Amino acid sequence: MKKVFILVGIFMLPLALSFSGGTKESAVSGASSKNFHIGIVTETVSQAEDNLRGAEELIKRYGAVKDGGMIQHVTYPDDFMSQQETTISQIVALADDPLMKAIIVNAAVPGTAEAFKRVKAKRSDILCFAGEPQEDPLVIEASADLAINADFVSRGYTIIWAAKQMGAKSFVHISFPRHMSYESLGTRRQIMEQACADLGITFAFETAPDPTSDVGVAGAQQFILEKVPQWVEKYGKETAFFCTNDAHTEPLLKQIAKYGGMFVEADLPSPLMGYPGAFGIDLSSEAGNFPAILKKVESVVVANNGAGRFGTWAYSYGFTVSAGLGEFAKRIIEGTAKLESGKDLFDSLAVFTPGAKWNGANYIDQNTGVRSKNHMLIYMDTYVFGKGYLPTTQQEVPEKYFKIKFVN
């Protein structure tokens with residue numbers, strides 16, 4: 001059911017996925033490779049730096065529109081929940097460019113589905129890709145040509161499995177009501193709790209402020225800084241902590257390193273996610289070179305007694321989704337890839353993750369059991385600093401976890 005894709009280096013996939021939009025593909029596949037634009041919309045650096053850096057990688061490769069290149073990059077407000085119409089307007093405005101042939105939003109925050117509907121109403125030929133959508137699957141699937149999520153079903157189990165391999169006795173899940181109202185994040189939380197029960201780990205849930213609320217990013221981060229010492233004292237140093245928000249990650253890592261605790265991987269994993277700020281690591285000379293980034297981060301983490309206690313993905317998920325979806329769109333427009341081809345999609349992502357092991361599957365609707373044609377869930381092996389890779393992509397996730405239904 002879930003072992004649809006295992007990708008190593010150059011991904012050899014005999015299976016072709018039937019992503020929706022065959023007619024949409026034909027509308028763009030004949031465009032001139034020298035005369036089109038691709039739009040990409042991301043958070044700012046303060047909300048999700050990796051997503052933004054992936055957009056910058058596309059600009060580095062293919063040039064910015066303002067300089068005669070291919071890529072148009074815009075960012076939406078940090079408080080996108082209260083400025084949802086602004087976010088929608090920014091996405092839709094990209095369709096005013098007559099050369100625009102694809103729009104990628106990563107992360108696809110609430111409002112993206114509505115924006116894509118408005119884009120399609122104006123320009124049905126524009127491909128709409130959603131990276132890590134934060135709206136219900138059926139909502140985003142109805143308007144996006146393709147949606148990609150980190151595999152919230154499988155990772156609900158594999159993160160707990162990895163925590164056990166690392167020696168964790170307890171697992172603390174940190175989030176807030178807005179995130180827990182999303183089917184993907186809420187379902188993963190329920191799977192994590194069940195996996196903890198099955199694997200003999202104590203599960204606990206702690207609430208932290210939403211960075212999009214009145215307290216802002218700074219207030220939410222200060223809360224984490226103050227609470228982690230108390231949580232470590234409450235649950236013990238053999239506790240793995242997990243948070244659903246990127247802005248919470250850096251202060252969480254910083255305090256775990258200082259007071260004890262463990263960290264398997266971020267919600268959207270990357271060696272850049274929280275580690276440089278938490279450990280004071282200057283990566284300016286390694287920028288864009290993820291093997292070098294991983295090596296340097298690992299050396300600092302290990303030097304701070306973090307061997308075996310901190311993990312990540314070897315390559316940034318957010319960076320790869322931004323850059324990989326842009327690459328996939330480019331290839332479709334140029335006629336060298338097909339929208340419905342799973343192999344072409346993963347080959348595009350693989351440009352930015354040489355040698356990495358992936359696993360994934362099409363999303364299956366919880367209520368109908370129908371496998372989506374345009375929504376893919378993906379994940380990578382966990383890398384533990386000072387220890388190396390854990391074979392998370394090789395673990396067989398028990399069937400029962402796929403049957404756990406979201407309860408809001």
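A: Two strands pair if DSSP finds at least two bridges between them. Helices (H or I, at least four residues) and strands (E, at least two) are DSSP runs, numbered from the N terminus. The model is predicted, so local features need pLDDT of at least 70 and side-chain atom pairs pLDDT 80 or more, while totals for chains, interfaces and linings use all residues. Residues count from 1 along each chain as its sequence is written, and side-chain values use heavy atoms, leaving out hydrogens and water.

Take the sheet S8-S7-S9. This open sheet has 3 strands in that order, with parallel pairing. S8 (202-207) and S9 are its edge strands. Each has a single partner strand, so one side of each lacks a neighbour in the sheet. Neighbouring strands are turned by 20° against each other on average, direction ignored. Axes here are lines fitted to C-alpha atoms, for helices over the stretch in contact; angles run from 0 to 180 degrees between N-to-C directions.

S7 covers residues 170-175 and runs parallel to S8, joined by 6 bridges. Helix H8 (residues 183-199) lies across S7, S8 and S9, at about 150° to S8. Helix H9 (residues 216-235) also lies across S7, S8 and S9, at about 155° to S8.

Asparagine 245 sits between S9 (239-243) and helix H10 (246-259). Is asparagine 245 buried or exposed? With 6% relative accessibility, asparagine 245 is buried. Buried means under 20% relative accessible area, exposed over 50%, partly exposed in between (1.4 Å probe, protein chains only). Beyond residues up to four places away in sequence, asparagine 245 touches Gln47, Phe176, His179 and Pro211. Contact means heavy atoms within 4.5 Å. The C-alpha of asparagine 245 is 8.6 Å from that of alanine 266, at a sequence separation of 21 residues.

Next comes strand S12 and its partners. S12 (residues 371-380) is mostly covered, with 8 of its 10 residues buried. S12 pairs in the parallel sense with strand S6 (residues 146-150), over 4 bridges. In that pairing, isoleucine 148 has methionine 376 of S12 as its bridge partner. S12 also pairs with strand S11 (residues 357-364), here in the antiparallel sense and over 6 bridges. Glycine 360 finds its bridge partner in isoleucine 378 of S12. S11 and S12 form a hairpin with 6 residues between the strands. Glycine 369 in this hairpin takes a positive phi near 75°.

Helix H6 spans residues 152-165 and holds threonine 158. Threonine 158 is buried, at a relative accessible area of 3%. Setting aside neighbours within four places in sequence, threonine 158 contacts Tyr379, Thr392 and Val397. Helix H14 (residues 342-350) is mostly covered too: 8 of its 9 residues are buried. Among them are Leu345, Phe346 and Leu349, as well as Asp344 and Asp347.

A further open sheet has 3 strands in the order S10-S13-S14, with antiparallel pairing. Strands S10 (311-312) and S14 (388-390) are at the edges, each pairing on one side only. S13 (residues 382-384) and S14 run antiparallel and are joined by 3 bridges. Tyrosine 383 stands opposite tyrosine 389 of S14.

Last, the backbone exceptions. Most residues other than glycine have a negative phi, and most peptide bonds are trans. The bond between asparagine 106 and alanine 107 is cis, with omega about 5°. Alanine 107 belongs to the loop between strand S4 (100-106) and helix H4 (112-122). Glutamate 132 is not a glycine, yet has a positive phi of about 50°. The loop between strand S5 (127-131) and helix H5 (137-141) contains glutamate 132. At 8% relative accessibility, glutamate 132 is buried. Asparagine 305 likewise has a positive phi, near 60°. Asparagine 305 lies in the loop between helix H12 (290-303) and S10. Asparagine 305 is exposed, with a relative accessible area of 68%.
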